[in-house]
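The sequence and the structure follow.

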Amino acid sequence: MTTILCVRRGADVVMAGDGQATLGEAVIFKSKSVKVRRIGNGKIIAGFAGAAADGITLIERLESKLEKHANQLKRAAVELAKDWRMDKYLRQLQAFMIVADKDTSLVISGIGEVMEPDDGIIGIGSGGNYAMAAAKALYEVPDMPLEEIASRAMKIAGDIDVYTNHNVIIERISNE
């Protein structure tokens, strides 16, 4: 597993993911896995938790849905979730995704769920709840930059969760 965290304030959004990869209970890579990346001509951030090949497959499928639906993130996410739930091959994939653009942050799951949080803070993966709780608390600190909220929250998750490390990649979409 891993930890992916998304924090939004208006049109500004930050997504963070750690770099640890495990195989069962063994750590394979301490810092080399990239689970957060830009897609959709760089205007969308996607992150996945779960099996790496499955997450990459889902991101590739989402990219094709984005191309088909003119980079409309909600529409592409719903279409991916429908395929994921209905397709015999895709149903076997073991991953969760967070995707975000300047307007929307979504969680997409293999059981057909496409969810948008009320407060713009989402955490998935083995340390997702720890990171999300920490981000919710840090979000209340006046004028704290989103990158700092994400970085501190991911550090807390990495301190608690054995499947999350401190090598964090952060991507940002800004209205600036």
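Helices (H or I, at least four residues) and strands (E, at least two) are DSSP runs, numbered from the N terminus. The model is a predicted one, in which local features need pLDDT of at least 70 and side-chain atom pairs count only at pLDDT 80 or more, while totals for chains, interfaces and linings use all residues. Residues are numbered from 1 along each chain as its sequence is written, and side-chain values use heavy atoms, with hydrogens and water left out.

**Helix pairs**

Two packed helices are described by the angle between their axes and the distance between the axes. Axes are lines fitted to C-alpha atoms, for helices over the stretch in contact, and angles run from 0 to 180 degrees between N-to-C directions.

| Pair | Angle | Axis distance |
|---|---|---|
| H1 and H2 | about 130 degrees | 9 Å |
| H3 and H4 | about 140 degrees | 8 Å |

Angles under 35 degrees count as roughly parallel, over 145 as roughly antiparallel, 65 to 115 as roughly perpendicular and the rest as oblique. H1 and H2 are therefore oblique to each other, and H3 and H4 are therefore oblique to each other. A crossing is left-handed if the near helix is turned anticlockwise from the far one by less than a right angle, and right-handed if clockwise. The crossing of H1 and H2 is right-handed, and that of H3 and H4 is right-handed.

Contact means heavy atoms within 4.5 Å. From H1, Leu58, Arg61, Leu62, Lys65 and Leu66 meet Leu73, Ala76, Ala77, Glu79, Leu80, Asp83 and Trp84 of H2. This contact holds eight nonpolar, no polar and four charged residues; Ala, Val, Leu, Ile, Met, Phe, Trp, Tyr, Cys and Pro count as nonpolar, Asp, Glu, Lys and Arg as charged, and the others, Gly among them, as polar.

In the second pair, the H3 residues Tyr130, Ala131, Ala134, Ala135, Leu138 and Tyr139 meet H4 residues that include Leu146, Ile149, Arg152 and Ala153. By class, the contact of H3 with H4 has 13 nonpolar, no polar and one charged residues.

**Nonpolar cores**

A nonpolar core is a set of buried Ala, Val, Leu, Ile, Met, Phe, Trp, Tyr and Cys residues joined through side-chain atoms within 4.5 Å. Buried means under 20% relative accessible area, exposed over 50%, and partly exposed in between (1.4 Å probe, protein chains only).

The largest nonpolar core has 21 residues, and Ile39, Leu58, Leu62, Leu66, Met97, Val99 and Ile108 have the most contacts inside it. Elements giving two or more residues to this core include helix H1 (52-68), helix H2 (73-86) and strand E7 (95-100). H2 gives the most to this core, with six residues. A second, separate core of 16 residues includes Leu5, Val14, Ala16 and Ala131.

**Individual residues**

Ala150 lies in helix H4 and is buried, with a relative accessible area of 0%. Leaving aside residues up to four places away in sequence, Ala150 touches Leu5, Val14, Ala16 and Ile170. Arg61, in helix H1, counts as partly exposed at 32% relative accessibility.

Ala70, in the loop between H1 and H2, has a positive phi of about 50 degrees although it is not a glycine; Ala70 is exposed at 60% relative accessibility. Asp143, in the loop between H3 and H4, has a positive phi near 65 degrees and is exposed, with a relative accessible area of 78%.
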